[in-house]
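Please look over the sequence and the model below before reading on.

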Amino acid sequence: MKHILVPIGSTENAQSTLQYAIDFAEEINANLFVFRAYKAKSKAGSMVNMTAIIERETKLYLKTLVSAVNRKNVEIKLISSKAGILESVEAIDNELGIDLIIVGAKSNSIKHGVFLGSTAGSLVKKSDLPVLTIPEGYVYKPIKSILMAFKSGIIKSKTALNPLVTLVEKFNPEINLLLVKTVGYKDEDLVLDKGLIELQTKLTITENATTYQGVLEHFKTHNPDVLCVFRRKRGFFKKLWEKNTVLKKEFYTPIPLLTLKGK
């Protein structure tokens with residue numbers, strides 16, 4: 001895990017998210033790419049190049065933000081793009097090879113009832129890259145325990161577990177697997193992928209209506225530092241990701257959420 005992308009919104013949470021990313025990157029010896037997308041608005045009859053102005057303002061915003069945090073010994077590069085967030089992230093990944101995205105949970109949202117804003121929500125829902133979502137104001141601490149919740153032990157992507165492997169190598173945390181048997185489960189869902197078997201510290205099997213309900217039931221018992229789930233079409237976020245924003249009343253976690261590529 002060498003390249004970490006940090007999409008930056010315009011909220012007060014941006015600074016704390018960036019500081020978390022720097023602290024995390026220092027621990028695992030990774031480089032940071034701080035990124036912000038912007039939209040240029042054309043004005044009829046105007047001779048002013050609005051795109052150039054907005055681009056300068058975006059770069060200035062990123063420089064000001066970076067100067068306000070403790071950079072430590074982490075290499076930080078700034079990227080601005082006038083394309084959409086998903087399109088930009090895909091292009092950056094194709095050029096640089098991004099191993100992880102770290103994004104603030106609320107990002108561009110100012111609604112107090114929102115857990116994931118549109119930027120974080122769209123990345124978690126639609127990007128193929130692993131995403132570590134950081135709650136508002138969360139301060140970095142070493143990862144000692146990870147709760148990994150899923151309803152099928154089948155993993156078809158050969159690279160899906162790579163971020164988790166890196167965390168194990170760097171932090172040596174407990175990996176508590178939570179296999180949730182939901183309505184309509186199949187016997188093959190209960191067979192764990194070899195990679196999961198090698199990573200696990202403990203396996204708990206529970207029966208609940210949804211994976212999220214299983215998490216709620218066992219969260220306090222495990223008291224994890226990170227919650228880990230898969231991005232699957234019929235998995236943890238099936239109903240939550242019908243839209244890009246997620247309300248706190250629908251889902252909320254007070255700890256970082258690591259979303260891995262699913263099937």
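V124 is buried, its relative accessible area being 0%, where buried means under 20% relative accessible area, calculated with a 1.4 Å probe on protein chains only. The model is predicted, so that local features need pLDDT of at least 70 and side-chain atom pairs count only at pLDDT 80 or more, while totals for chains, interfaces and linings use all residues. Residues are numbered from 1 along each chain as its sequence is written, and side-chain values use heavy atoms, leaving out hydrogens and water.

V124 lies in helix 4 (residues 118-126), helices being DSSP runs of H or I with at least four residues, numbered from the N terminus. Although V124 and T259 are 135 residues apart in sequence, their C-alpha atoms are 6.7 Å apart in space.

Helix 1 is largely enclosed by the rest of the structure, because 12 of its 16 residues are buried, among them L18, Y20, F24 and I28. Not counting residues up to four places away in sequence, F24 touches M1, I4, L100, I102, Y140, I143, L167 and F171, with contact meaning heavy atoms within 4.5 Å. Just after helix 1, N29 takes a positive phi of about 60 degrees.

How values were computed:
Helices (H or I, at least four residues) and strands (E, at least two) are DSSP runs, numbered from the N terminus. Buried means under 20% relative accessible area, exposed over 50%, partly exposed in between (1.4 Å probe, protein chains only).
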